Amino acid sequence: MKIESKLGLVDYDDDDNIEMIIRKCAVGRDDIWICGDSEYPCLAISVNGENAVVHYFSSKQDGHYQSIGNNDTDGTTEFLAGGEIWEAPNYIVVPLSSAIQCAKQFLISQERPSCIEWDKI
């Protein structure tokens, strides 16, 4: 598996390593991409401190899924997406710990993680 972030491109194979990488990236803002040997499936995690937004892409044709957060408040949280600041609506923001769980599940199965709720986009 590969993880690409502001730390560069890293090969990884254990969930302790992926948690450490995600936590380092969460200091400030970052856009993290996780995939196997091919482009799909992949998991994209936008992080900002203790907040995250998770996207799952199963294939180019199938569209993608976006996290549904437990935050019913109005407003937005700033993240990076493609190197640009993105104002994410708070209803899609999940705790960083949930995003880490998603990454750990994806590492094992490469399927859409079941630890959070999703909205197909």
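Lys2 has Asp11 of strand β2 as its bridge partner. The model is a predicted one, in which local features need pLDDT of at least 70 and side-chain atom pairs count only at pLDDT 80 or more, whereas totals for chains, interfaces and linings use all residues. Residues are numbered from 1 along each chain as its sequence is written, and side-chain values use heavy atoms, with hydrogens and water left out.

Strands β1 (residues 2-5) and β2 (residues 8-11) are antiparallel and share four bridges; two strands count as paired if DSSP finds at least two bridges between them. Strands (E, at least two residues) and helices (H or I, at least four) are DSSP runs numbered from the N terminus.

Buried denotes under 20% relative accessible area, exposed over 50%, and partly exposed the range in between, with a 1.4 Å probe and protein chains only.

In the loop between β3 and β4 (42-48) lies Pro41. The peptide bond that joins Tyr40 and Pro41 is cis, with omega about -5°.

Another loop, between α2 (96-109) and β10 (117-120), contains Gln110. Gln110 is a residue other than glycine, yet its phi is positive, near 60°. Gln110 counts as partly exposed because its relative accessibility is 32%.
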